Structure formats: C-alpha cells, structure tokens
Amino acid sequence: MTTGVVAEPDSPVGGGWIARISLAVLGFWVVVLAPVQVLLPVQVERIDPAHKESSLALVTAAAAIVSVLAAPVAGAFSDRTRARLGRRQPWILGGALVCAVVLCVQAMQGSVLGVALCWMIAQGAQNAMFAGLTASVPDQVPVRQRGVVSGFVGLTGPLGLVLGVLLVTQVVPGQTAGYVTLAALLLVLTLPFLTTTDTRITEREPLRWRRFFAGFWISPRKYPDFAWAAVSRLAIQLANAIATLYLLYFLRDAVHLAEPADGVFVLTIVYTVGILITSVLSGRLSDRSGRRKPFVVTSSVVIAVAMLILAIWPSWPAAMAAAAVLGLGFGVYAAIDAALITQVLPKATDRGKDLGVLNVANTASQALAPLIAGGLISLLHSYTVLYIVAAVIALAGAALVLPIRSVR
C-alpha cells in the first residue's frame, strides 16, 4: 500500500503477519531482557564484585538515558522515511544489525566503562528497532483487532525472557557465547518481518528542524488522554523494573538460594505460564467488550499484590507465588495497555514519533529504577522496603488510568 496520507487501517491482518511481527518483537525482548537479568549482573560482578549493585545501576541507568532519546527520534524519522522496504523496515533492520554487532563487542569488555558504553549503544539500537515495530501495529491493525494482536505480541516479552535466560544459563552459559548467541538469534527472528507489507509514503512535508524538534512536545492540556496513558505506563513499568532489577541479588542475599541464576530461570518460567494464561484471552475479551480501562486497572492492582508478597515473605515459596501472580496480572496489562495506547495517539501521521515519546515511559523507568532501587538497597539494605515501594508505585499506575476519557 503506497500513500501520502496515513489513514486508520480497516482490513484485519492475518495470522502470518501476526506471527512475523511477534517473532521480531520476541527477538527484541531476548536481547533486552536476558542481558539485564543474567549477563550484565554476572559480568559486572566479575569486574567489580565489591560494588556490583552501584556499578550495575550505573550501567543500566546510562543506557536507559540513551534509550529515552533514541525511541522518539527514531520513531519521528521513520514517520518520514521513504524506502522500497517501507518506512518502518529500514529502522527495524538497522537497529537489529547495530545491536547484534555491539553485543558481540560487549562480550569482550573487561571494565565497567566498556560495558556501559556498549550497552548504551545497544539500547539505542534496540529502541530504534522497537520504534518501527510498535508503530507497525497502528499502521496496519484496525482498532477492533488490536486487543488480540497486542495479546500475541505481549506474549513475546516473557517468552523472550525465558528463551534468553534459558540460552545464557543452560545452553551457552559462557559470557562470550551468551552474547554472541543472543546477537545471532536477534537477526534470525527479525528478518522475516522485513518481508511483510508496510505502509509506504510518497509525499512528505519538507524537513524543518525547528518544527521537527518542537513536535516532540505533546501538550498534556491539548491531549490529556495521551498524557495520562504515558504517566500510568511510566508508573507500572517503573514498579516492574524496580522489582526485577535486583532479582538475582535478592535470591542470593535475601532468600539465600544456592543457585540464584537457576532460581531466576525457574521464576521466569512460572511468570511466563501466568502470562500465557491471560494475555490473548484478555485481549479477545477486551476487543469484544470494547473496554480497555477496567482490564488495565485490575491488572495493575494484581501486579502490586505480587510485589507485596515478596515484601512480606522473602522466601523461595513466596517468590514462586509472587511470580505466578505477577504473570497473571502482567499478561493482562501488557496486552490491554498496548491496545489502549494506540487509541490515544494524537495524529495518525506521527504514530512512530508519538509512540516513541510514549515509550519513553519504558526507558525512563529503566533509568529511574536503578536510582531508586540502588539508593534504597545502599541506604536501607532492605528488600522489604524495595518491594513495598514498587507496590505503591504500581497502585499509583492503576489510579492514573482512570482519568482517560476517550477510551472506555
């Protein structure tokens, strides 16, 4: 489809398209989550064992700042890209290639600075890729189908975590082999989506830099629903990031698990099963009812409950129970919040940029989480306080959805 004006899609997408975009997003999550959960903590601990918490916080926070800039800028340029592949595909391909190369280089780093610089570049490339992928959904999926599509795409996050953690802890546990394997898998999973149909544009406005940069400010007064959706997502993602950033250290230092890396993998499996149960089902129910907000609010409360379980009962059985509850809640949240967000975008012509701005909530949470979690652990040495704070933030995220008016 070639057009100078981007209209709301009306024809439903088929199973093949859903499978291809799901595979590409799966590749994205594999290279985002597996390093954060296993490879980065282990690599940083080997380099600086005495200050592993603060060093890991520095690495992840610096990379998240890069991500905050990369997502909206890449999305904005993809809105304006004219290429034979389409306007989104060049950014998806370029991001995947750069990320794969940098992950291989990161495997050879022996200093915290080297790890930080590589992870910053990798996160920038990952977000350029993700900007193209997320914009492809409102580009090509009609509103009445977005709950189901978001449900399938939402499954890729936990599946990516399971697959990535399985690879780097069980199949190729070495540092270099782990990073290289993730890089190769990213390319294999991304390439099929590059052959799919994309919305190409033949006309575009002349690039005026002042207007281009001014477009990144989306007035909360003019677009209040967009603003509420953004701050709600920031709260939920921040709570999730705080709760998971030090999971390996929590299992080692608070639960006293003999093999914490294996524990992370087991909890990830439990968490994923919960998401598999609720994600697509909740998407279908939301599409049929036409309602999004009740699903998002309820799931956010369930996420808070999971974190309170960890705060009150820091043990291995509690961790298993919390993983199950968190999976059930996050499966609903990931599917329905993604669908809700596509319905509050200000302009169809700026979907990539607007989603990039909104996805700053994801990356900003990665920048804020190390500061909050690292500060709490350093000052109070209490995982109980850490998880209570995460639960309170999740409940705030639930409340922030309520003022949205354009979506039921």
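Visitor: Why is His381 called exposed?

Guide: This is a predicted model, and in it His381 has a relative accessibility of 65%. Exposed means over 50%, so His381 counts as exposed. His381 sits in the loop between helix 14 (360-380) and helix 15.

Visitor: What is the phi of His381?

Guide: The phi of His381 is positive, about 55 degrees, although His381 is not a glycine. His256 is also not a glycine and has a positive phi, of about 60 degrees.

Visitor: Where is His256, and what makes His256 exposed?

Guide: His256 lies in the loop between helix 9 (247-253) and helix 10 (260-289). The relative accessibility of His256 is 61%. The cut-off for exposed is over 50%, so the label applies to His256.

Visitor: Why does Gln170 count as partly exposed?

Guide: Gln170, a residue of helix 5, has 42% relative accessibility.

Visitor: Which residues is Gln170 in contact with, leaving aside neighbours within four places in sequence?

Guide: Gln170 is in contact with Val165 and Asp262. Contact here means heavy atoms within 4.5 Å. As for Ala321, the C-alpha atoms of Gln170 and Ala321 are 24 Å apart in space, and the two residues are 151 apart in sequence.

Visitor: How do you know that Phe265 is buried?

Guide: Phe265 belongs to helix 10 and has 17% relative accessibility. Buried means under 20%, so Phe265 counts as buried. Not counting residues up to four places away in sequence, Phe265 touches Val162, Val165 and Leu166. Phe265 and Gln37 are 228 residues apart in sequence, but 9.4 Å apart in space from C-alpha to C-alpha.

Visitor: What makes helix 13 mostly covered?

Guide: Helix 13 covers residues 351-358, and eight of its eight residues are buried. Among them are Arg351, Lys353 and Asp354. The cover over these buried residues includes helix 2 (52-80), helix 4 (112-140), helix 8 (224-245), helix 12 (316-342) and helix 14.

Visitor: Why is the pair Asp139 and Arg88 called a salt bridge?

Guide: The closest N and O atoms of Asp139 and Arg88 are 2.7 Å apart. The cut-off is 4 Å between a side-chain nitrogen of Lys or Arg and a carboxyl oxygen of Asp or Glu, so the pair qualifies. Asp139 is in helix 4 and Arg88 in the loop between helix 2 and helix 3, so the pair ties together parts that are 51 residues apart in sequence.

Visitor: Are Asp139 and Arg88 buried or exposed?

Guide: Asp139 has 5% relative accessibility, so Asp139 counts as buried. Arg88, at 0%, counts as buried too. Salt bridges that share partners join Asp79, Arg87, Arg88, Asp139 and Arg351 into one network.

Visitor: How far apart are the closest N and O atoms of Arg87 and Asp139?

Guide: They are 3.1 Å apart, and the two residues form a salt bridge. Arg87 lies in the loop between helix 2 and helix 3 (89-106) and Asp139 in helix 4, 52 residues apart, which links distant parts of the chain. Both Arg87 and Asp139 are buried.

Visitor: How many salt bridges does the structure hold?

Guide: The structure holds twelve. One of them joins Asp10 and Arg144, with the closest N and O atoms 3.6 Å apart. Asp10 is in the segment before helix 1 (15-47) and Arg144 in the loop between helix 4 and helix 5, so the pair ties together parts that are 134 residues apart in sequence. Asp10 and Arg144 are both exposed.

Visitor: Which residues make the nonpolar surface patch?

Guide: Leu308, Ile312, Trp313, Ile388 and Val392 make the patch, which has an area of about 510 Å². Helix 11 (293-312) and helix 15 (383-401) are the elements that give two or more residues to the nonpolar patch.

Definitions and conventions. Residues numbered from 1 in each chain as written. Predicted model: local features only at pLDDT ≥ 70, side-chain atom pairs only at ≥ 80, totals over all residues. Heavy atoms only, no water. Patch = residues over 30% accessible without salt bridge, like charges linked within 9 Å, V, L, I, M, F, W, Y side chains within 5 Å. Areas by Shrake-Rupley, 256 points an atom, 1.4 Å probe, with all protein chains shown as cover. Helix = DSSP H or I, 4+ residues; strand = E, 2+ residues; numbered from the N terminus. Buried < 20%, exposed > 50% of the residue type's maximum accessible area, 1.4 Å probe, protein only.
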